[in-house]
Amino acid sequence: MNKEQNWTDICKLDDLVDNSGVCALVNGEQVAIFKVQTKDEAQFYAVSNWDPIGKANVLYRGLIGSVADKTVIISPLYKQRYCLQSGACLDEQQNVSVYGVRVEGDKVQLDVV
């Protein structure tokens, strides 16, 4: 069963900085958007900006890293690591919401359904 996708323009591609995050307000919720640049390609991720352990909207300010084959965002508050693909916390039994993200031309879009 496929859910219908509702892609919404969030920002321009030039608004994103390599290996860093930005925050956008989408339908009343803060979303952290990341551009992870490797030597070969750029990957884009979007998760809720809410850190459920630190209880603050701060994840876009976290450090990007990797654990095994997972790309993670490390919370700037208590340093928990959240997988950017799944939203699962690698250190505690917590999760953050994950959003579909894509680039169309010079626009970064989120799946907000």
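Two strands count as paired if DSSP finds at least two bridges between them, and strands (E, at least two residues) and helices (H or I, at least four) are DSSP runs numbered from the N terminus. The model here is predicted: local features need pLDDT of at least 70, side-chain atom pairs count only at pLDDT 80 or more, and totals for chains, interfaces and linings use all residues. Residues are numbered from 1 along each chain as its sequence is written, and side-chain values use heavy atoms, with hydrogens and water left out.

**View 1. Tryptophan 7 faces a partner across two strands.** Tryptophan 7 stands opposite aspartate 111 in E11. Five bridges join E1 to strand E11 (residues 107-111), and the pairing is antiparallel.

**View 2. Six strands form an open sheet.** Their order is E1-E11-E10-E4-E3-E2, paired in the antiparallel sense. At the edges lie strand E1 (7-12) and strand E2 (20-26), each pairing on one side only. Neighbouring strands of this sheet are turned by 30 degrees against each other on average, direction ignored (axes are lines fitted to C-alpha atoms, and angles run from 0 to 180 degrees between N-to-C directions).

**View 3. The whole chain has 11 strands and zero helices.** Its C-alpha atoms fill a box of roughly 35 × 35 × 30 Å along the principal axes. Buried residues (under 20% relative accessible area, 1.4 Å probe, protein chains only) make up 35% of the 113 residues. Of the contacts (heavy atoms within 4.5 Å) with a separation of 6 or more, 42% come from residues 24 or more positions apart.

Terms used
Buried < 20%, exposed > 50% of the residue type's maximum accessible area, 1.4 Å probe, protein only.
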